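Q: Hey, I'm new to this one. Can you put it up and walk me through it?
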Amino acid sequence: MDRLILIDSAMRMLAIGQLLLIALVIGRGQAPRPIRAATVGLLVCICAYLTLATPIRMETRGPFWAFVQLAAQATPMMLWVFAHLLFERPFNRLAVMLGLLTLIGCWIGFGIARFENNSGMGLWIGIIQRSASLAMTAHAILIAVRERGDDLIEKRRRLRVGFVIVVGTLAVMVLLLEMVFGFRYNGTMVSAPQAFAILVATMAMGTALLQSDPDILFNPAVNDAPSAPRLSPSDHVLKQKLDAAIIAGIYRESGLSIGALADHLGTPEHRLRALINQRLGYRNFSAFLNHHRIAEAKAMLADPAHVDLPILTMAMDLGYGSLAPFNRAFREEAGQAPSDYRRANILQN
């Protein structure tokens with residue numbers, strides 16, 4: 001059994017070494033700073049968990065270990081933040097505040113319970129902390145599943161979705177095991193398979209991320225303006241079909257996906273992805289839709305005949321499910337709110 005403990009510990013140390021190497025490479029890379037920071041933070045938090053969950057008993061009291069414990073407990077929240085940044089999802093401020101309050105509150109509560117040797121208090125804090133962690137991890141996986149069709153670059157799309165789902169699934173497995181067996185080491189029959197799964201996932205993660213490929217981590221601030229396309233005959237025909245569909249206003253359909261658009265055009269989805277990305281210059285499908293939707297919104301807002309049309313009605317007519325995503329997309333495209341754009345254009349005529 002001692003040999004199995006050594007193997008378990010060795011697998012965890014190998015995983016920690018690989019995670020720190022990945023964090024170093026990505027931290028020094030060319031990806032946008034928020035994505036680099038979130039990636040490094042997530043990997044360091046996973047390292048903190050692996051350190052605390054090792055079967056080798058260590059004295060973990062003191063300020064340093066308190067922050068290691070905070071980092072370990074922050075892993076699900078960092079995965080949640082990472083998923084939002086990777087898939088360019090807006091943050092819900094209330095959810096962020098509740099997550100931070102739960103994280104800090106439970107961390108302090110664990111410290112008090114440990115100091116007072118109050119196992120009952122620690123149990124209830126653990127239930128709260130792990131329930132919140134499961135909710136955040138599940139939401140991160142849901143974001144990856146929902147947004148899997150938006151990215152137009154196939155290898156980056158697979159990596160993004162796979163990364164979040166693999167890390168999220170491991171996090172769910174760990175959290176469930178903790179809820180059943182407790183936070184610390186509870187025997188190699190539970191610990192060793194967990195360490196092996198994490199090591200394999202880490203190796204796969206390193207293979208995927210440690211590539212000098214600019215498509216893997218991209219800069220969302222890059223201008224998406226379409227470049228002059230060089231089309232093959234088949235692409236030319238497909239573009240004609242796409243242009244006709246755009247003129248007919250298909251982009252106004254709420255919830256339109258690239259799969260649905262490909263079916264409408266009678267073409268394989270991968271061909272349409274390649275056309276919109278490689279020939280028309282859009283990094284994702286939502287940017288393509290927003291380009292056409294916001295262009296029509298600008299025309300309507302500047303038209304005196306639509307001066308009394310509510311902006312919410314306009315947003316819904318253009319395919320947005322609510323006002324918030326329309327306002328966000330309009331600000332990104334026009335640099336100002338729709339109401340300000342309308343005021344400036346109507347008053348100058």
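Q: Is Asn117 buried or exposed?
A: Asn117 counts as exposed, because its relative accessibility is 70%. Exposed means over 50% relative accessible area, buried means under 20%, and partly exposed is in between, using a 1.4 Å probe and protein chains only.

Q: Where does Asn117 sit?
A: Asn117 is in the loop between H5 and H6. Helices (H or I, at least four residues) and strands (E, at least two) are DSSP runs, numbered from the N terminus.

Q: What about the phi of Asn117?
A: That phi is positive, about 55°, although Asn117 is not a glycine. Most residues other than glycine have a negative phi.

Q: What's the average pLDDT of the protein chain?
A: The average is 82, and 85% of the residues score at least 70. pLDDT is the predictor's confidence in each residue, from 0 to 100.

Q: Where does pLDDT stay under 50?
A: Over residues 219–228, for which the model has 14 contacts beyond four places in sequence. Contact means heavy atoms within 4.5 Å. Where pLDDT is low, the predicted coordinates should not be read in detail.

Q: Which residues of H5 and H6 meet?
A: On the H5 side they include Gly99, Cys106 and Phe110, and on the H6 side they include Gly122, Ile125 and Met136. By class, the contact of H5 with H6 has 10 nonpolar, six polar and one charged residues. Here Ala, Val, Leu, Ile, Met, Phe, Trp, Tyr, Cys and Pro count as nonpolar, Asp, Glu, Lys and Arg as charged, and the others, Gly among them, as polar.

Q: And Thr137, buried or exposed?
A: Thr137, which is in helix H6, is buried, with a relative accessible area of 0%. Not counting residues up to four places away in sequence, Thr137 touches Pro76, Leu79, Gly168, Ala171, Val172 and Leu175.

Q: Where is Thr267?
A: Thr267 is in the loop between helix H10 (258–265) and H11. Thr267 counts as buried at 10% relative accessibility. Leaving aside neighbours within four places in sequence, Thr267 is in contact with Leu238, Ala262 and Leu272.

Q: Which residues of H11 are buried?
A: In helix H11 (residues 269–279), they are Leu272, Arg273, Leu275, Ile276 and Asn277. Just after H11, Gly281 takes a positive phi of about 90°.

Q: Zooming out, how many helices and strands does the protein chain have?
A: The protein chain has 15 helices and zero strands. Of its 349 residues, 44% count as buried.

Conventions. Residues numbered from 1 in each chain as written. Predicted model: local features only at pLDDT ≥ 70, side-chain atom pairs only at ≥ 80, totals over all residues. Heavy atoms only, no water.
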